[in-house]
Amino acid sequence: MTNAIEVHSVTRTYGRVRALDTVSFAVPEHSILGLLGRNGSGKTTIMSIIAGQDRPSSGQVDVLGHTPFEHAPTLAQISYVRDNQRYPDDYRLHHVLRIAPDFAPNWNCDVAEELTDGFRIPAKTPIKKLSRGQLSSIAIVLGLASRAPITLLDEPYLGLDVTARALFHRMLLHDYGQHPRTIVLSTHLIEESASLFDRVVILEQGGVAMNGDQDDVLASAWVMSGTKDAVAELVADRPVLQRNTVGGLTSITADFALDDATRIRARDLRVQFAPASLQDLVAAYGSSDTDSTDVKVAERA
Amino acid sequence: MISTTKLHFNKRELTLVVPLYITGMVAVISILISVLFWRGGSLPGTTGWIQGSQSNPGILYALVGFLVYLGVQSVATTFPFALTLGATRRGFAAGTLLWSVTVSAYLALAFAALTIIEIATDHWFAGFYIFDIYVLGAGDLGLLLPIVFLGVLSMLTIGGVFGASWMRFGARGPQLIGMSTAIVLVIALIVMIPAAEDIIAAFELWWLAVAAAVVIVVSAIGTWLLLRSASVR
Amino acid sequence: MFTGGGPIYQQLADHIAEDIMAGTYSEESSVPSTNEYAVFYQISPITATKSVNLLVEQGVLYKKRGIGMFVATGARDRLHKLRRSEFRKEYVAPLVHEARLLEINRRQLAEMIDQENKK
């Protein structure tokens, strides 16, 4: 499978702030990639660079075989609406729908119409006055109706109600079925979107914490919980991503293969173990502290 | 590039209708002022009347504010959206310039048409001088067309470069440009002031046209240079 | 619907397999396309393709070019065989474990199974 997007050791600094630090990953063509991580982990920065709206301080990005920055033919193949997208003064929905086809060669009016109807985006209200969810809806309309070979969706769920989220999923997968494309989607709503992704990249403080096929990434990730001593015995000296201890109870998120002997031992020690969900894993990578003892608020007598 | 130009024209009302609307408003105000003088005893058609109303450049000043705003917004709020749509920075700068040129030509022609009507109708049948005024060449279309065209284009591109500086440096950008322009002007004055009398004596109208052209070219290049390295937020 | 509990492609493959064993899709009948599975279960089409490919490898499904995916003859038998080996690990082992914890002896367990069968 060829790669639609290749990110090679990309570093991006803003003044003294290092937003991305030697980030590398690839997105195979027609993949749906979940770009995950905490706020400020670098998701929007890497998306802007992939979209050719920003340049890396060092490193290289290839989109469909080209550096996207200032490369018009590549930019025409990319759709990217940032989560805090600004629109020209006094814009209304119809302004957006009228101009977008001029920039998106594959624009499809039916998709746009079905989505604007489904999301119930008010046509007459100035965009400035729309709610967060309505802004997200417009971004989704632009993202999906463009039918761009490279579609980047930045926090598409912000403010969307449950019906709108379902519509978004349905439309995304339905239209993908007709016109396959490479999709990168960043979100905090992991539980709801996890099943969409065949690949995931987890960013943490500007670096790649995890990158790969979602099934592979999750194959060896576990959550165990039980008494402190029992869990400690099971884990032994293997690395732990996150440990949460409250009183005598501990739960850990770890990433190592679990052999049958360990499983049997776990049963005897009354330690519950379950495959970690994508959400567990992202939360574990995001906790800067592997050992957390509940919350660190000083108790007062 | 053409797409960017279309993007600017997407707001048809703002770029095409509003300037005429403002022109109309100012025309009405000019007429009211004329009526005021009339009631005050000045008679339409007398030399004093004609000179007085031909010296009133209100029509031009009224548009300056709006045109600079139009120029600023053409970059400041449209640029991030243009990048989102997939425009290159190069294409955006070129498309914006093309749009500015088109708007300037449009206004120049609109003013010419109105001036022709004004003169043909003997100043709106009542001796009102709105377009047939000194700053617009006093009815000479050969002067009016370049004056309006270059004037509008300078306003739009100056607005554009201020908008671009804001994109590039944030709030400090416009201050930076304002300050450096002021410094350059003051230095130019310091250099030229000893010869001021000779310069003023030798003044020709085309100097202004050259100055406007320089402003336009510098602003357009400045816009492109600033946008090239601006990061979108 | 696929949340937690192992790889999604495995869960969908299991689901399709269960449908075939239950007779929802009879042998030589067609099953939904990967795109239909993707839209219906809201999963990545690549994942859905992976599930279907797994079943093709197991000889449960086969592809008719340009028409779609079909249930192979003998698919149910094949699935039964595959599933039986899993059955002990997935169901019997936890059952025995839980029974031991609750001090349910072998005879009582057998009785419970008989009662379930009568339902």
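**Figure 1. Trp222(A), a buried residue of chain A.** With a relative accessibility of 11%, Trp222(A) counts as buried, because buried means under 20% relative accessible area. This is a predicted model. Phe273(A) is partly exposed, at a relative accessible area of 27%. Trp222(A) and Phe273(A) form an edge-to-face aromatic pair, 5.8 Å from centre to centre and with 75° between the planes. Trp222(A) belongs to strand β10 (residues 221-227) of chain A and Phe273(A) to strand β13 (residues 272-275) of chain A, so the pair ties together parts 51 residues apart in sequence.

**Figure 2. Aromatic pairs in the whole structure, with Tyr157(A) and Phe168(A) as one example.** A search over all chains finds 12 aromatic pairs. In the pair of Tyr157(A) and Phe168(A), the ring centres are 5.6 Å apart and the planes stand at 80°, so the pair is edge-to-face. Tyr157(A) sits in the loop between β6 (150-154) and α6 (162-178) of chain A, while Phe168(A) is in helix α6 of chain A; the two are 11 residues apart, and the pair links distant parts of the chain. Both residues are buried: Tyr157(A) has a relative accessible area of 5%, and Phe168(A) has one of 0%.

**Figure 3. A cluster of rings from chains A and B.** Tyr87(A), Tyr91(A) and Phe81(B) are linked into a cluster by ring pairs.

**Figure 4. Lysines over ring faces in chain C.** Lys50(C) lies over the face of Tyr9(C), at 4.6 Å from the ring centre. Lys64(C) lies over the face of Phe70(C), at 4.1 Å from the ring centre.

Conventions: Residues are numbered from 1 along each chain as its sequence is written. Chains are lettered from A and ligands numbered from 1 in the order in which they are written. This is a predicted model: local features need pLDDT of at least 70, side-chain atom pairs count only at pLDDT 80 or more; totals for chains, interfaces and linings use all residues. Side-chain values use heavy atoms; hydrogens and water are left out. Rings of Phe, Tyr and Trp (its six-membered ring) pair if their centres lie within 6.5 Å; planes under 30 degrees apart count as stacked, over 60 as edge-to-face and the rest as tilted. Helices (H or I, at least four residues) and strands (E, at least two) are DSSP runs, numbered from the N terminus. Buried means under 20% relative accessible area, exposed over 50%, partly exposed in between (1.4 Å probe, protein chains only). A charge sits over a ring if NZ of Lys or CZ of Arg is within 6 Å of the ring centre and within 35 degrees of the ring normal.
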